[in-house]
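Here are my notes on the model you sent over. Have the picture open while you read, and go through the points in order.

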Amino acid sequence: MTLVFQLLQQTAVIIVIAYLFSKSPAMDYLSGARLRPRQLLVLYVVFTLFSILGTYTGLPIQGAIANTRAIGAVLAGLIGGPVLGLSVGLTAGLHRFSLGGFTAFSCGVSTTVEGLIGGLVYLYLIRRKNPEQLFHPLVAFSATLVAEVLQMTIILLLARPFTDAVALVKVIAMPMICANSIGAALFISMVRDQKRVRDKVGARFSSKAFTVADRTLGILSRGFSSETAREMAEVIREETGVGAVAITDRKEILAFSGIGDDHHHAGNPVVTKWSKQALRENRVVFVNGYDEHFQCPLSNNCPLGSALVVPLQMDQEVVGTISLYEPKTKLFLNINRSFGEGLATIFSHQLLRSRFEEQKSLLIQSELKLLQAQVNPHFLFNALNTIMAIIRKDADQARELLLQLSNFFRTNLKRNRDIVTLEEELAHISSYLEIEKARFGERLRVNQDIDSALLGLQIPVFTLQPLIENAIKHGVADLLDQGQIWVRAYHQDGLVVIEVEDNAGNYSKPNDTQGLGMRLVDQRIKNIYGSEFGLTVDCEPQQKTLVQVKFPLNEELANDSCFNH
Amino acid sequence: MIRVLIIDDEQHAREELEHLVRETGVFEILGSCTNAIDALRRIRTEKPELLFLDIEMPALNGFELLAMIEDELMPHVVFVTAYNEHALKAFEEKTLDYLLKPVSPERLLKTVNKVRETIRRGDRPCYQVESLRHIPCQFANRVKLIPPSAVEYIFSDVAGIHVVTREGQFFTELTLKVLEERTPLLRCQRQYLVNPESIDEIKLFDNGLAEIKTLIGNTLPVSRRYLRQLKVYLQL
């Protein structure tokens with residue numbers, strides 16, 4: 001029984017080593033994932049030393065050694081598979097063999113076999129797709145127990161003289177089986193706890209990264225400017241808890257938030273050599289605060305002592321930096337370092353995306369301009385021709401039409417805003433329609449039915465005009481008998497519907513070059529309000545074409561008393 | 001005096017052009033028409049020497065009207081358009097001239113000189129007309145536009161020219177000759193045109209005559225004279 005306690009005492013040494021091991025970088029290899037040769041080598045060295053240590057700390061008994069060598073061999077097999085187990089077992093076994101004694105050979109063989117047993121358990125659990133069981137203390141306990149029982153059997157089989165072997169086993173069997181099994185279980189349990197702590201930190205780290213990404217996504221989609229930079233710097237500082245955060249473009253500081261903001265101001269030029277280096281070489285620059293000190297170029301009393309400068313990229317081109325700072329009184333956490341680097345990657349992607357969005361909207365803008373330019377000549381010359389004819393008969397009407405024409409062109413030129421009210425859009429098309437009515441005479445009838453509560457509705461500019469133009473150009477103008485157009489605006493099922501209908505029913509699906517106006521109307525509304533809104537066309541050939549535009553109901557309109565009936 | 005017809009679907013445009021044309025004092029205005037169908041009738045009855053023809057008109061545009069006119073009735077043509085995207089095309093078609101709306105009297109005078117010169121020389125108008133995209137047919141009070149591909153066959157009788165489709169039989173004012181020249185339809189007998197795509201079978205008789213059975217089951221006569229052409233076309 002004393003032997004049990006003595007062995008357990010040695011196990012305590014092992015536990016200390018296990019603890020140190022679990023804090024070391026080698027711990028990263030115990031991730032349960034497939035190990036690379038380099039990692040296997042490290043584990044081989046660690047466990048072999050561990051196993052040999054077990055031999056040295058053993059107690060000499062009756063010409064043999066009661067020891068804890070088995071733990072290293074079994075665990076090596078359990079963690080790294082049969083090859084690692086066998087290698088560790090063989091090395092530690094050879095070492096034991098070299099020490100001599102009547103059990104030298106049998107102990108050497110049995111240690112090798114113990115490593116193999118750990119490896120077989122590993123194989124079994126991996127095949128059962130149950131690798132997390134490898135880190136279960138009970139598994140380590142049982143594997144070592146079996147291994148030690150086997151060792152005793154091997155001693156009895158191989159050690160001579162047999163009577164000495166029986167006497168030895170009688171004394172050491174119980175204590176060694178107990179001590180080794182318990183030791184292995186404790187070791188694994190400690191490794192497992194450490195692993196759990198790490199996973200938890202990892203999880204917290206990921207969730208923090210997601211929070212930042214989520215909070216900054218909206219900000220960055222508005223582009224990279226001093227305003228968005230300021231909001232982002234605040235978010236990053238809040239989430240990481242670092243002393244200060246700075247965001248720069250290639251030339252100057254766009255935003256600074258945190259300690260030292262008394263002398264670090266937005267608008268200052270980028271002066272530190274580290275920021276310049278990050279910008280120039282497009283790489284992360286880390287000033288850890290003890291090997292190298294962050295030296296503020298602006299003030300000797302600057303409390304900042306360490307810095308991480310990460311370049312921001314867009315299309316492989318550096319457009320700025322994000323810098324995280326810690327005060328001299330605080331160490332720069334490793335976790336914040338990898339965090340900062342990760343953020344820069346996310347931001348670079350977001351920047352690219354926001355530029356893409358910007359270009360898309362620019363494209364729409366220019367297409368819109370093109371559309372305006374495209375429609376007008378035809379309309380203008382026909383209008384002028386009509387008015388010239390009317391001048392001969394009715395000067396007043398001609399003057400009236402010229403006023404409408406100048407109204408139409410003036411508003412067309414002035415329409416630089418993106419959003420107008422329905423009322424403004426209706427006023428614009430009414431000038432257009434007055435001229436077209438004069439041109440077509442009896443052949444064009446226009447009916448309007450607009451819910452007056454909707455007049456204040458905000459809609460994208462030029463929403464109605466292309467629809468009306470189409471209804472005339474491809475509808476009424478192509479009819480031999482009377483053409484009719486209906487313009488309606490109403491609300492229905494929580495939606496606002498604006499529609500233009502004609503009685504020609506000539507709509508055909510446009511090809512790429514046609515239908516630009518309608519496509520733009522649809523695209524802009526989907527961009528602004530979402531894909532469930534936009535434009536739909538319903539055509540009954542030779543009967544009618546109905547074009548509907550659906551909007552969400554604006555909040556202020558929804559609250560209007562007119563809608564509460 | 002040069003006898004002219006003005007064709008434009010817009011009342012004001014028509015009146016303005018009439019006014020300008022009258023002011024030159026060299027034209028006799030036979031009338032003005034609002035669409036191609038009406039214009040075709042007037043061309044047959046009045047036989048104008050010159051058309052002032054708007055390009056953009058409902059149902060059938062200016063080019064399509066030209067494709068409907070028999071060669072021997074073809075007048076000289078001056079296109080009138082508000083927008084010059086067609087101007088280039090009008091030149092290619094070798095129309096006499098084209099005017100842009102609004103028309104200035106000075107520009108019109110140039111056209112007048114050109115027309116007078118052409119008529120004095122006795123040049124016949126010879127336009128490269130397009131093939132017909134539609135065959136305009138009378139249907140109750142409406143004009144029905146039938147694409148040639150939808151036609152089974154066309155025949156003439158004392159009442160006029162009849163277009164037969166799967167939907168029924170329609171009356172058209174176009175002549176068989178125009179239809180033969182400007183559609184893919186083939187002549188199979190003096191009074192019949194057939195759509196080769198609608199031929200189901202051809203029965204040959206000993207006397208050199210034949211019969212066509214169409215896809216919807218009509219029987220058409222084939223005369224000796226046209227059977228040969230038909231065989232060549234169908235590579236029989």
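1. First, a word we'll need for the two chains meeting: two residues are in contact if their C-beta atoms, placed from the backbone, lie within 7 Å. With that in hand, the contact between the chains takes 18 residues from chain A and 15 residues from chain B. On the side of chain B that touches chain A, the largest share is from α1(B), with six residues. Sorted by class, that side of chain B has seven nonpolar, four polar and four charged residues. Here Ala, Val, Leu, Ile, Met, Phe, Trp, Tyr, Cys and Pro count as nonpolar, Asp, Glu, Lys and Arg as charged, and the others, Gly among them, as polar.

2. Some housekeeping. This is a predicted model, where local features need pLDDT of at least 70 and side-chain atom pairs count only at pLDDT 80 or more, while totals for chains, interfaces and linings use all residues. Residues are numbered from 1 along each chain as its sequence is written, and chains are lettered from A and ligands numbered from 1 in the order in which they are written.

3. Now chain B as a whole. It has 15 strands and seven helices; these are DSSP runs numbered from the N terminus, H or I of at least four residues for helices and E of at least two for strands. Of its 236 residues, 40% count as buried, that is, 20 or more other C-beta atoms, placed from the backbone, lie within 10 Å of the residue's own.

4. Look for the open sheet in chain B: five strands in the order β2-β1-β3-β4-β5, with parallel pairing. Strands pair if DSSP finds at least two bridges between them. The edge strands are β2 (27-33) and β5 (97-100) of chain B, each pairing on one side only. Inside the sheet, β3 (residues 50-54) and β4 (residues 76-81) of chain B are joined by five bridges, and B:D54 has B:V80 as its bridge partner in β4(B).

5. Which strands does helix α1 of chain B lie across? The answer is β1 (2-7), β2, β3 and β4 of chain B, and α1 (residues 11-24) runs at about 170° to β2(B). Angles run from 0 to 180 degrees between N-to-C directions, with axes as lines fitted to C-alpha atoms, for helices over the stretch in contact.

6. Over in chain A, another open sheet has five strands, ordered β9-β11-β12-β14-β13, but here the pairing is mixed. Strands β9 (444-450) and β13 (534-540) of chain A each have a single partner strand, so one side of each is left without a neighbour in the sheet. β13(A) pairs with β14 (residues 544-552) of chain A in the antiparallel sense over seven bridges; A:C539 and A:T545 are bridge partners there. Helix α14 (residues 516-529) of chain A lies across both β13 and β14 of chain A, at about 140° to β13(A).

7. Last stop: strand β6 (residues 304-314) of chain A. Is it mostly covered or mostly uncovered? Covered: nine of its eleven residues are buried. Strand β5 (residues 285-287) of chain A pairs antiparallel with β6(A) over three bridges, and A:V285 stands opposite A:V309. Ten bridges join β6(A) to β7 (residues 317-327) of chain A, also antiparallel. β6(A) and β7(A) make a hairpin with two residues between them, and A:D315 in the turn has a positive phi of about 55°.

How values were computed: A residue is buried if 20 or more other C-beta atoms lie within 10 Å of its own, exposed if 12 or fewer, and partly exposed in between; C-beta atoms are placed from the backbone.
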